[in-house]
Amino acid sequence: YQAALQSVDFTTTASSNGSRVVSFTVADDQQTSAAVSRTIALENFTATRLAVTAQPTLVTAGSGFVVTVAVEDSLGDVVTGYSGSVTLALSNNPGGSTPGGGLIVGVSHGVAVFSGLTLNKAAAGYQFTASSASLTSATTGDITVIPGVASQLVVTPAFATNVTANAPFGFTVSAEDAQGNLTTNFSGNVIVSLAANSAGSTLTGTTTVATSGGVAVLAGLELNNVASGYEL
(Lines give C-alpha, C1' and ligand atoms only; values in the text may rest on other atoms or scores of the structure.)
Protein backbone atom coordinates (compact mmCIF):
# COMPACT_ATOMS: atom_id res chain seq x y z
CA TYR A 1 0.00 0.00 0.00
CA GLN A 2 1.37 3.40 -0.94
CA ALA A 3 -0.08 6.87 -0.42
CA ALA A 4 1.18 10.40 -0.52
CA LEU A 5 1.82 12.02 2.86
CA GLN A 6 -0.58 14.89 3.26
CA SER A 7 -0.11 16.33 6.77
CA VAL A 8 1.57 15.77 10.13
CA ASP A 9 0.29 17.50 13.29
CA PHE A 10 2.46 17.59 16.44
CA THR A 11 1.56 18.29 20.06
CA THR A 12 3.82 18.02 23.12
CA THR A 13 3.11 17.68 26.82
CA ALA A 14 5.46 17.47 29.79
CA SER A 15 5.70 14.26 31.77
CA SER A 16 6.49 13.89 35.46
CA ASN A 17 10.03 12.63 34.93
CA GLY A 18 11.24 15.68 33.02
CA SER A 19 10.84 14.26 29.50
CA ARG A 20 8.33 15.27 26.84
CA VAL A 21 5.60 13.18 25.27
CA VAL A 22 5.42 14.00 21.56
CA SER A 23 2.13 13.04 19.87
CA PHE A 24 1.50 13.35 16.16
CA THR A 25 -1.19 12.46 13.67
CA VAL A 26 -0.29 11.45 10.12
CA ALA A 27 -2.86 11.76 7.31
CA ASP A 28 -2.47 10.72 3.67
CA ASP A 29 -4.33 11.53 0.49
CA GLN A 30 -6.50 8.44 0.90
CA GLN A 31 -8.14 9.98 3.97
CA THR A 32 -6.40 7.47 6.19
CA SER A 33 -4.98 8.75 9.46
CA ALA A 34 -3.20 7.32 12.47
CA ALA A 35 -2.34 8.81 15.85
CA VAL A 36 1.06 7.91 17.27
CA SER A 37 2.74 8.90 20.56
CA ARG A 38 6.40 8.71 21.35
CA THR A 39 8.31 9.73 24.49
CA ILE A 40 11.49 11.64 23.82
CA ALA A 41 13.83 12.19 26.77
CA LEU A 42 15.15 15.73 26.84
CA GLU A 43 18.05 16.12 29.22
CA ASN A 44 19.76 19.18 30.67
CA PHE A 45 17.02 21.74 30.31
CA THR A 46 18.32 25.24 30.88
CA ALA A 47 16.90 26.80 34.06
CA THR A 48 15.54 30.26 33.31
CA ARG A 49 12.86 31.11 35.88
CA LEU A 50 11.16 30.37 39.18
CA ALA A 51 7.48 29.62 39.60
CA VAL A 52 5.37 29.50 42.76
CA THR A 53 3.51 26.20 42.52
CA ALA A 54 1.81 26.09 45.94
CA GLN A 55 0.89 28.72 48.52
CA PRO A 56 -1.89 29.50 50.99
CA THR A 57 -4.27 32.42 50.58
CA LEU A 58 -5.39 32.53 54.24
CA VAL A 59 -3.25 31.84 57.32
CA THR A 60 -3.51 32.43 61.08
CA ALA A 61 -1.04 34.78 62.72
CA GLY A 62 1.85 32.83 64.20
CA SER A 63 0.83 29.53 62.58
CA GLY A 64 3.09 27.74 60.12
CA PHE A 65 2.39 27.48 56.40
CA VAL A 66 4.14 26.21 53.26
CA VAL A 67 5.21 27.85 49.99
CA THR A 68 6.59 25.70 47.16
CA VAL A 69 8.77 27.11 44.37
CA ALA A 70 9.85 25.25 41.22
CA VAL A 71 12.82 25.91 38.94
CA GLU A 72 11.63 25.86 35.33
CA ASP A 73 12.94 26.16 31.82
CA SER A 74 11.45 28.48 29.21
CA LEU A 75 8.81 25.86 28.34
CA GLY A 76 7.57 25.55 31.91
CA ASP A 77 9.20 22.19 32.64
CA VAL A 78 10.79 21.58 36.04
CA VAL A 79 14.59 21.46 35.77
CA THR A 80 15.29 18.54 38.07
CA GLY A 81 19.07 18.91 37.85
CA TYR A 82 19.22 22.46 39.25
CA SER A 83 21.39 22.54 42.36
CA GLY A 84 21.13 26.10 43.68
CA SER A 85 19.08 27.57 46.51
CA VAL A 86 16.03 29.83 46.59
CA THR A 87 15.50 32.84 48.86
CA LEU A 88 12.10 34.15 49.96
CA ALA A 89 11.58 37.77 50.99
CA LEU A 90 8.49 39.78 51.85
CA SER A 91 7.87 42.07 48.90
CA ASN A 92 4.55 43.41 50.20
CA ASN A 93 4.15 43.81 53.95
CA PRO A 94 0.89 45.65 54.71
CA GLY A 95 0.84 44.77 58.41
CA GLY A 96 4.51 45.31 59.23
CA SER A 97 4.93 41.61 59.96
CA THR A 98 8.20 39.88 60.79
CA PRO A 99 8.44 36.65 58.76
CA GLY A 100 9.51 33.51 60.56
CA GLY A 101 10.80 30.16 59.38
CA GLY A 102 13.59 29.28 56.98
CA LEU A 103 13.74 31.82 54.17
CA ILE A 104 16.63 30.19 52.26
CA VAL A 105 16.05 26.62 51.04
CA GLY A 106 18.13 24.34 48.84
CA VAL A 107 16.55 23.03 45.65
CA SER A 108 15.87 19.28 45.48
CA HIS A 109 14.85 17.74 42.14
CA GLY A 110 14.02 21.21 40.85
CA VAL A 111 11.77 22.20 43.78
CA ALA A 112 12.30 24.30 46.92
CA VAL A 113 9.81 23.72 49.75
CA PHE A 114 9.54 26.44 52.39
CA SER A 115 7.80 24.87 55.40
CA GLY A 116 7.08 26.40 58.79
CA LEU A 117 6.80 29.96 57.48
CA THR A 118 4.98 32.38 59.80
CA LEU A 119 3.62 35.94 59.73
CA ASN A 120 2.71 37.61 63.01
CA LYS A 121 0.58 40.65 62.14
CA ALA A 122 -2.97 40.40 60.81
CA ALA A 123 -3.51 42.10 57.44
CA ALA A 124 -4.50 41.36 53.84
CA GLY A 125 -2.22 41.46 50.81
CA TYR A 126 1.07 39.95 51.97
CA GLN A 127 3.31 38.75 49.13
CA PHE A 128 6.63 36.88 49.02
CA THR A 129 9.12 37.07 46.16
CA ALA A 130 11.35 34.08 45.42
CA SER A 131 14.79 34.63 43.89
CA SER A 132 17.75 32.45 42.91
CA ALA A 133 20.97 33.51 41.19
CA SER A 134 20.23 34.86 37.69
CA LEU A 135 16.83 33.17 37.34
CA THR A 136 13.72 35.29 36.78
CA SER A 137 12.07 35.74 40.18
CA ALA A 138 8.51 34.75 41.06
CA THR A 139 5.99 36.37 43.41
CA THR A 140 3.21 34.70 45.34
CA GLY A 141 -0.39 35.76 45.15
CA ASP A 142 -1.94 37.68 48.04
CA ILE A 143 -1.86 36.07 51.48
CA THR A 144 -4.28 37.21 54.18
CA VAL A 145 -3.29 36.81 57.84
CA ILE A 146 -6.09 36.59 60.40
CA PRO A 147 -5.78 36.86 64.20
CA GLY A 148 -5.37 33.74 66.31
CA VAL A 149 -7.36 32.81 69.41
CA ALA A 150 -7.71 35.53 72.05
CA SER A 151 -5.18 34.87 74.81
CA GLN A 152 -4.56 38.17 76.60
CA LEU A 153 -6.15 41.46 77.63
CA VAL A 154 -4.36 44.74 76.99
CA VAL A 155 -5.30 48.14 78.45
CA THR A 156 -5.18 50.86 75.80
CA PRO A 157 -4.12 53.42 76.68
CA ALA A 158 -2.38 52.28 79.85
CA PHE A 159 -3.96 52.92 83.25
CA ALA A 160 -3.81 56.52 84.38
CA THR A 161 -1.18 57.08 87.07
CA ASN A 162 -3.34 59.64 88.88
CA VAL A 163 -7.11 59.94 89.33
CA THR A 164 -9.21 62.15 91.62
CA ALA A 165 -11.10 60.65 94.56
CA ASN A 166 -14.84 60.32 93.81
CA ALA A 167 -14.32 61.48 90.21
CA PRO A 168 -15.04 59.17 87.27
CA PHE A 169 -12.27 57.64 85.20
CA GLY A 170 -12.07 54.89 82.61
CA PHE A 171 -10.00 52.98 80.09
CA THR A 172 -10.30 50.60 77.15
CA VAL A 173 -9.46 46.89 77.23
CA SER A 174 -8.64 44.96 74.04
CA ALA A 175 -8.65 41.18 73.63
CA GLU A 176 -5.58 40.12 71.65
CA ASP A 177 -3.99 36.93 70.38
CA ALA A 178 -0.48 35.85 71.37
CA GLN A 179 0.96 37.94 68.52
CA GLY A 180 -0.68 41.17 69.70
CA ASN A 181 -3.44 41.22 67.08
CA LEU A 182 -6.90 42.45 68.05
CA THR A 183 -9.29 39.48 68.05
CA THR A 184 -12.42 41.15 66.75
CA ASN A 185 -14.48 37.96 67.11
CA PHE A 186 -13.97 37.77 70.88
CA SER A 187 -17.34 38.27 72.58
CA GLY A 188 -16.73 37.70 76.30
CA ASN A 189 -17.13 40.08 79.22
CA VAL A 190 -14.31 42.11 80.77
CA ILE A 191 -14.50 42.42 84.56
CA VAL A 192 -12.44 45.01 86.46
CA SER A 193 -11.70 44.72 90.17
CA LEU A 194 -9.20 46.01 92.72
CA ALA A 195 -6.08 43.88 92.84
CA ALA A 196 -4.26 46.13 95.33
CA ASN A 197 -6.31 48.32 97.68
CA SER A 198 -3.85 50.35 99.68
CA ALA A 199 -6.43 52.51 101.52
CA GLY A 200 -9.53 50.31 101.73
CA SER A 201 -11.27 52.13 98.89
CA THR A 202 -14.49 51.02 97.22
CA LEU A 203 -14.47 50.67 93.42
CA THR A 204 -17.82 51.80 92.05
CA GLY A 205 -19.31 52.15 88.59
CA THR A 206 -19.92 49.56 85.87
CA THR A 207 -17.24 46.94 86.47
CA THR A 208 -18.46 44.31 83.97
CA VAL A 209 -18.61 45.28 80.30
CA ALA A 210 -19.25 43.12 77.23
CA THR A 211 -16.71 43.36 74.43
CA SER A 212 -17.70 44.55 70.98
CA GLY A 213 -15.31 43.81 68.15
CA GLY A 214 -12.84 42.56 70.74
CA VAL A 215 -12.91 45.85 72.70
CA ALA A 216 -14.51 46.75 76.05
CA VAL A 217 -14.84 50.40 77.09
CA LEU A 218 -15.00 50.90 80.85
CA ALA A 219 -16.13 54.33 81.99
CA GLY A 220 -17.55 56.00 85.09
CA LEU A 221 -15.39 54.10 87.56
CA GLU A 222 -14.60 55.79 90.89
CA LEU A 223 -12.34 55.30 93.93
CA ASN A 224 -13.27 57.11 97.15
CA ASN A 225 -10.18 57.10 99.38
CA VAL A 226 -7.02 59.11 98.69
CA ALA A 227 -3.89 56.94 98.53
CA SER A 228 -1.18 55.70 96.20
CA GLY A 229 -0.52 52.14 95.09
CA TYR A 230 -3.96 51.07 93.88
CA GLU A 231 -3.95 48.37 91.21
CA LEU A 232 -6.83 47.19 89.03
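An open sheet of 3 strands, ordered β4-β6-β9, shows up in this predicted model, and its pairing is antiparallel. Strands here are DSSP runs (E, at least two residues), numbered from the N terminus, and two of them pair if DSSP finds at least two bridges between them. Strands β4 (49-54) and β9 (111-117) sit at the edges with a single partner strand each, so one side of each has no neighbour in the sheet. On average, neighbouring strands of this sheet are turned by 25° against each other, direction ignored; the axes behind that angle are lines fitted to C-alpha atoms, and angles run from 0 to 180 degrees between N-to-C directions.

A few words on the ground rules. Residues are numbered from 1 along each chain as its sequence is written, and side-chain values use heavy atoms, leaving out hydrogens and water. Because the model is predicted, local features need pLDDT of at least 70 and side-chain atom pairs count only at pLDDT 80 or more, while totals for chains, interfaces and linings use all residues.

Back in the sheet, β4 is joined to β6 (residues 65-72) by 5 bridges, with the two running antiparallel. Arg49 has Glu72 of β6 as its bridge partner.

Elsewhere, strand β14 (residues 169-176) is mostly covered, with 6 of its 8 residues buried (under 20% relative accessible area, with a 1.4 Å probe and protein chains only). Strand β14 pairs with β13 (residues 152-155) in the antiparallel sense over 4 bridges, and with β18 (residues 215-223), also antiparallel, through 5 bridges.

Key:
Buried means under 20% relative accessible area, exposed over 50%, partly exposed in between (1.4 Å probe, protein chains only).
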